[in-house]
Amino acid sequence: MTDKWAKGIEVFDAVYGKGSSAMVEAAPRSPYLDETVEHLFGDIWGASALSIRDKRLMVIGATTMLGRADLLEIQIAGAIVNGEITDEQFEEMKLLMLFYAGAGNTTALVRGIDAARKRAADLAAAN
């Protein structure tokens, strides 16, 4: 294990919740996985100019524009586990994205929020 890998794993857990990196560490190592852990998490998510919450809000906005409820679930579950976004803020987010991302893509956001709430509850129950 390299220092970059260790930092990436540490940041991964900071982004998605303690112990979340177990799924990454169990996966077979590959150039793709190394780049994701060491660069995306270790360098980009680990940079300090923007907080994890700031980065997450940007990713949620971009992912809403893609209409990807599956990816939204992962980000939003991390936000819930880390206490970054309140229920009131989720409701406001839905209204804002309705106008900027359109109704169809915002439906994906709503589905992602609902699925993330269940995922976060399951994670909390497991810990």
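This is a predicted model: local features need pLDDT of at least 70, side-chain atom pairs count only at pLDDT 80 or more; totals for chains, interfaces and linings use all residues.
1. **The aromatic pair in helix H3.** Phenylalanine 41 and tryptophan 45 belong to helix H3 (residues 31–45), where four residues, or about one turn of the helix, separate them. The structure has four aromatic pairs. In the pair of phenylalanine 41 and tryptophan 45, the ring centres are 6.2 Å apart and the planes meet at 10°, so this pair counts as stacked.

2. **Serine 20 in its loop.** Your next stop could be the loop between helix H1 (3–16) and helix H2 (22–26), which is where serine 20 lies. Serine 20 counts as buried because its relative accessibility is 16%, and the cut-off is under 20%. A polar atom of the serine 20 side chain lies 3.0 Å from the backbone oxygen of tyrosine 16. The backbone oxygen of glycine 17 is 2.7 Å from a polar atom of that side chain.

3. **Salt bridges across the chain.** There are ten salt bridges in total. One of them joins the side chains of aspartate 43 and lysine 4, at 3.0 Å from N to O. This pair links distant parts of the chain, since aspartate 43 is in helix H3 and lysine 4 is in helix H1, 39 residues apart. Aspartate 43 is partly exposed at 31% relative accessible area, and lysine 4 is also partly exposed, at 41%.

4. **Helix H5 meets helix H7.** Glutamate 73 and arginine 119 form a salt bridge through their side chains (3.0 Å, N to O). Because glutamate 73 sits in helix H5 (residues 69–81) and arginine 119 in helix H7 (residues 103–126), the pair ties together parts 46 residues apart in sequence. Arginine 119 is partly exposed, with a relative accessible area of 35%.

5. **Arginine 29.** Do take a look at Arg29, which is joined with Asp34 and Glu38 in one network of salt bridges that share partners. Arginine 29 also lies over the face of tryptophan 5, 3.7 Å from the ring centre.

6. **A nonpolar surface patch.** Finally, turn to the surface, where Leu95, Leu96, Leu98, Phe99 and Tyr100 make up a nonpolar patch with about 610 Å² of accessible area together. Leucine 95 is part of helix H6 (residues 87–101). Its relative accessibility is 55%, so leucine 95 counts as exposed.

Methods
Residues are numbered from 1 along each chain as its sequence is written. Side-chain values use heavy atoms; hydrogens and water are left out. Patches are made of residues with over 30% relative accessible area and no salt bridge: like charges are joined within 9 Å, nonpolar side chains (Val, Leu, Ile, Met, Phe, Trp, Tyr) within 5 Å. Accessible areas come from the Shrake-Rupley method with a 1.4 Å probe; for residues, only the protein chains shown count as cover. A salt bridge is a side-chain nitrogen of Lys or Arg within 4 Å of a carboxyl oxygen of Asp or Glu. Helices (H or I, at least four residues) and strands (E, at least two) are DSSP runs, numbered from the N terminus. Buried means under 20% relative accessible area, exposed over 50%, partly exposed in between (1.4 Å probe, protein chains only). Rings of Phe, Tyr and Trp (its six-membered ring) pair if their centres lie within 6.5 Å; planes under 30 degrees apart count as stacked, over 60 as edge-to-face and the rest as tilted. A charge sits over a ring if NZ of Lys or CZ of Arg is within 6 Å of the ring centre and within 35 degrees of the ring normal. A polar contact is a pair of N or O atoms within 3.5 Å; within protein, one must be able to donate a hydrogen and the other to accept it, and residues adjacent in sequence count only if both atoms are side-chain atoms.
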